[in-house]
Amino acid sequence: MSSMLTHAIRNLPASSAWAARVFARSLSCSSQLQAAAVQPKSKKTLAKSGVKNIVVVEGVRIPFLQSGTSYADLMPHDLARAALLGLLNRTSVPRDVVDYIVYGTVIQEVKTSNVAREAALGAGFSDKTPAHTVTMACISSNQAMTTGVGMIAAGQCDVVVAGGVELMSDVPIRHSRKMRKTMLTLNRAKTLGQKLSLISKIRPDYFAPELPAVAEFSTSETMGHSADRLAAAFAVSRLEQDEYALRSHTLAKKAQDGGLLLDVVPFKVPGKDTVTKDNGIRPSSMEQMGKLKPAFVKPYGTVTAANSSFLTDGASAILLMSEEKALAMGYKPKAYLRDFVYVSQDPKDQLLLGPTYATPKVLEKAGLTMADIDVFEFHEAFAGQILANLKAMDSDWFAQNYMGRKSKVGAPPLEKFNNWGGSLSLGHPFGATGCRLVITAAHRLKKEGGQYGLVAACAAGGQVVMLCGLAPF
Amino acid sequence: QSFGQLAVTKESKALIGLYHGQVRCKKNKFGTPQREVKTLAVLGAGLMGAGIAQVSVDKGLKTILKDTAQQGLDRGQQQVFKGLNGKVKKKSLTSFERDSILSNLTGQLDYKGFEKADMVIEAVFEDINIKHKVLKEVEAVIPAHCIFASNTSALPISQIAAVSKRPEKVIGMHYFSPVDKMQLLEIITTDKTSQDTAASAVAVGLKQGKVVIVVKDGPGFYTTRCLGPMLAEVVRVLQEGTDPKKIDALSTAFGFPVGAATLIDEVGVDVAAHVAEDLGKAFGERFGGGDVELFKLMVQKGFLGRKAGKGFYVYQEGVKNRSVNSGMDEILARFKVPAKPEVCTDEDIQMRFVTRFVNEAAMCLQEGILSNPVEGDIGAVFGLGFPPCLGGPFRYADSYGAKQLVDKLRKYEAVYGSQFTPCQLLLDYANSPSKKFHQ
């Protein structure tokens, strides 16, 4: 079912609600909001009776670097450890105060399957502090955060460190299945005769390695390919995508030069210099970008290397506490984490459309409208994906036919949208992006003087939307 | 039977004495400090600063390493990493342990976190003005209980403390290079330093795995002061025409682990020149011997020793057998002085070195810089490389005989003058043969 209309929306079979979540992010938002509106905002506060207030005390990240640069010789837990150490230094929080550590990551280093634990131990946390690792594609660290929120809300913990990490410079390249089978059987072979007979079956094709790919397992489609189809379905042109990419890089550069990227902590890489800045920000020109060939759908595609996020190494960490605990410890929290919604869709045709589905849900539950939101931080997997989502959100037709709503959600106004750059320009270490989005939203709310921020990210057939409110401290 | 024979040799006694001395010097004679040092700050990420940081994080002490320049800080942090990584290569640490240890280290360019520091050790450039500046800066940010320690090798602590608002918290902690290998820590107290400060400093040194001696303030303290005259003598012997290789051979034959000329290269010719001048000013003629201008000329030519790749010898990466620096020929020729054959046999040269060392050590004990001969022996052996088989200057004086030493000194005094004048303490011990430094 890949016939697409060139304008607006394409027809999908009705039964396309597929919950397969190989690369899916979702948030679950639920809570009764108190009605209070007196101001221009629909709601004065998002606090809920009977539910603890959970705050973000601080969030940091090590600089995000293009894969194959300064972090290339490290392992993921080294990056995660550096983020944790950066967070400890920034907040001076005593290690024994942290009750739990959760990390998100996507391409797992096989030796460190629980990267949260390895990073925590390496960072000097007590071996009595539990830690676990979650995976949910690009929203892995969002999942880590909401796991933390859940634990605090349930009263199990007061202080949780959540984070994300990704190292694309080194990926698990495996032997072919045939070779693996031969090796494992060899282990069990007892006699020389048995071993020789196994070895004699080896053929040249046994040596071809299996490489991990950024692709859906369920559909065998690479994400870039899916993005290209999505862009085509919503008639997002190459020009529009390049323009968006330029916007992202330009704003990121401005933010970097203007010292706005406060969440970045320096990282002394063993054997190399101290890394202090993201190295992927490169505002180019429309002409330069126009010269590139499409990366995924050749030769007519619109998604290129310039208007996609790039393979990045990096890690982030965020300190979550119950409000009570934070104040008792003398901290000035940066934001409340209020609501979140996870949704899932069809990984084939709606892989990257998550934000459109989840945003209205979370706004409704919170009792807010799009106009109430002051700061938007959306994950930019591809310029085409962002623009397709914006178009979908702005379309009554889509809302009525696909979302079962009466009218459109409304697209976020661009002047409130990813004002300090986004994943396209700053980089997208898959697991680490979620925390970056949240802390950036918090910082932007403070700087731009807003009250409500909306963080959203798509992840292979599912998505996350988190609503956070500024903490008035 | 051989064991029995060996067990009663002088060497055996000396080594046993050293063992007992070490045990004694691993105890804190000032008692338990009021507060345990949990956070240490090290100023200066140079060779010494990074080395101090390494031995601290290695033992689990949270350490802040501060420098003024990113490059210097990176170099220092890399040094710590390399030091720990060396252990990983030798398989005495796992890479995970190395990373966990490194997590105790925070490198920074500002004073953030100093409000929580319990002790600050400064290892900045050996210049009194810089040290004063740093002390004032630091005192503005540290808490009242925080101790300020200086790693200076020769600047009097009381001089450094002159600009301090809390001189009772100022103390000297003199480490030896390379810090991760040299066991000695020489702690220097002024008359203003409080007992608790001393107790804290000793406690930190012991935690870092050091053998600790505590001496009183004075130019050169104990270790630098004893080495001074000996190195002055080395220069004189060089000027008299003995080449560096021969000097090394003679000193190692005597028992020094590192030959005297190599030692100068290791310490740094510029440091040696500096020290020679300063101590010369403080103590006068007694510290003379060779011409300090020889060192200065070497410094001018860039022959600073190992750190510059060239000194008395040429140091090349990966080359084990060093060659003598041919550039030295010219310098040595320039400073040549006639030798006095009656005091230039091999044995004489050795004794000239050693007697000046022992004499100065005795002088330190006499003046109260040293509190007891045991610390004197330990300091000399573990910090300066005095022959361990002789057990240290005081053990040696006992076994060789104070009288014999004084006789030798008189012999050289007749030729060279006041530099060899035996100190009163040695004379007293020479006159009463039953008097021994070690009972």
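The structure is a predicted model, in which local features need pLDDT of at least 70, side-chain atom pairs count only at pLDDT 80 or more, and totals for chains, interfaces and linings use all residues. Residues are numbered from 1 along each chain as its sequence is written, chains are lettered from A and ligands numbered from 1 in the order in which they are written, and side-chain values use heavy atoms, with hydrogens and water left out.

**Stop 1: chain A against chain B**

Select chain A and chain B together. Chain A brings 19 residues to the contact and chain B brings 13 residues; contact here means heavy atoms within 4.5 Å. The size of an interface is often given as the accessible area lost when the parts come together. Between chain A and chain B the buried area is about 1200 Å², and carbon and sulfur atoms give 48% of it. Buried area is the accessible area (1.4 Å probe) that two parts lose on being put together, summed over both.

Next, select R81(A) and D99(B). Their side chains form a salt bridge at 3.5 Å, N to O, where the term requires a side-chain nitrogen of Lys or Arg within 4 Å of a carboxyl oxygen of Asp or Glu. The count of salt bridges between chain A and chain B is one.

Six residue pairs are in polar contact between chain A and chain B, both residues at pLDDT 80 or more. A polar contact is a pair of N or O atoms within 3.5 Å; within protein, one must be able to donate a hydrogen and the other to accept it, and residues adjacent in sequence count only if both atoms are side-chain atoms.

Now colour α1 (76-91) and α2 (115-122) of chain A, the elements that give two or more residues to the side touching chain B. Helices (H or I, at least four residues) and strands (E, at least two) are DSSP runs, numbered from the N terminus. The largest share of that side, six residues, comes from α1(A).

**Stop 2: the two domains of chain B**

Select 31-218 of chain B as domain 1 and 223-335 as domain 2; these bounds come from an automatic or database domain assignment. The C-alpha centres of the two domains lie 29 Å apart. Seven residues of domain 1 are in contact with four residues of domain 2.

The area buried between these domains is about 420 Å², with 56% given by carbon and sulfur atoms. Highlight S153(B), A154(B) and E186(B): in domain 1 they lose the most area to domain 2, together 58% of what that side buries.

Across this interface the rule finds zero salt bridges, but three residue pairs in polar contact, both at pLDDT 80 or more.
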